[in-house]
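Please look over the sequence and the model shown here before reading the notes that follow, which are grouped by topic.

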Amino acid sequence: TNASMQGSDMARKHLVHVQGLRGLAVLVVVLYHFNFFFHGGFIGVDMFFVISGFVIGRMLIQELDETGKINWKYFFFRRARRLIPSLVATLIGTVFLTWALFGAGAVSGLNKSLTSGSLFYSNFYFFLERGYVDLAGDPLRNLWSLSVEEQFYLGLPFLFLFLKLLGGNVRRK
């Protein structure tokens, strides 16, 4: 409903401090990739996962509290609207740059990474097929984190609905 969408939008706008933490998480990731100060690996990614989980969880719980249900169409439309344009630009840009710099043969070597990244299962592909250690030459290797995030977005609403079916307050559980 329109009321639940507006309520969720209003709640999100009041979390300016959380957006600042997201910016800090991105900065930590960038500094790590420039090999500056952070040598421990994925701390920025971990921060981003926790922040995203908090924001999405809060939104879903608020909607469940207000309406007793989750507007699936709106929820997934918002996720797609936020992520798909950047993902498509990344995939197209990677194919173009790989072709321009290394030739068509190098692009064909990206087929599985392109497919798994575009369908949000690259975390499984990289782990099961190649291992996270053997990713240095894959320009799409960082899509594993986007896949984890999307899988979380798929699972969390079901978890909350299950908790609601058990009865009581989802926020407390």
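Leaving aside neighbours within four places in sequence, Thr94 is in contact (heavy atoms within 4.5 Å) with Leu110, Pro139 and Leu140. This is a predicted model, in which local features need pLDDT of at least 70 and side-chain atom pairs count only at pLDDT 80 or more, while totals for chains, interfaces and linings use all residues. Residues are numbered from 1 along each chain as its sequence is written, and side-chain values use heavy atoms, with hydrogens and water left out.

**Thr94**
- Thr94 has its place in helix H4, a helix being a DSSP run (H or I) of at least four residues, numbered from the N terminus.
- With a relative accessible area of 12%, Thr94 is buried, a term for residues under 20% by a 1.4 Å probe, protein chains only.

**Helices H4 and H6**
- The axes (lines fitted to C-alpha atoms over the stretch in contact, with angles from 0 to 180 degrees between N-to-C directions) of H4 (residues 72-102) and H6 (residues 111-118) come within 11 Å and cross at roughly 175 degrees.
- H4 and H6 are therefore roughly antiparallel to each other, the word used for angles over 145 degrees.
- Leu87, Leu91 and Val95 of H4 meet Leu114, Gly117 and Ser118 of H6 in this contact.
- By class, the residues of the contact of H4 with H6 are 4 nonpolar, 2 polar and no charged, where Ala, Val, Leu, Ile, Met, Phe, Trp, Tyr, Cys and Pro count as nonpolar, Asp, Glu, Lys and Arg as charged, and the others, Gly among them, as polar.

Definitions and conventions:
Helices (H or I, at least four residues) and strands (E, at least two) are DSSP runs, numbered from the N terminus. Angles under 35 degrees count as roughly parallel, over 145 as roughly antiparallel, 65 to 115 as roughly perpendicular and the rest as oblique. Buried means under 20% relative accessible area, exposed over 50%, partly exposed in between (1.4 Å probe, protein chains only).
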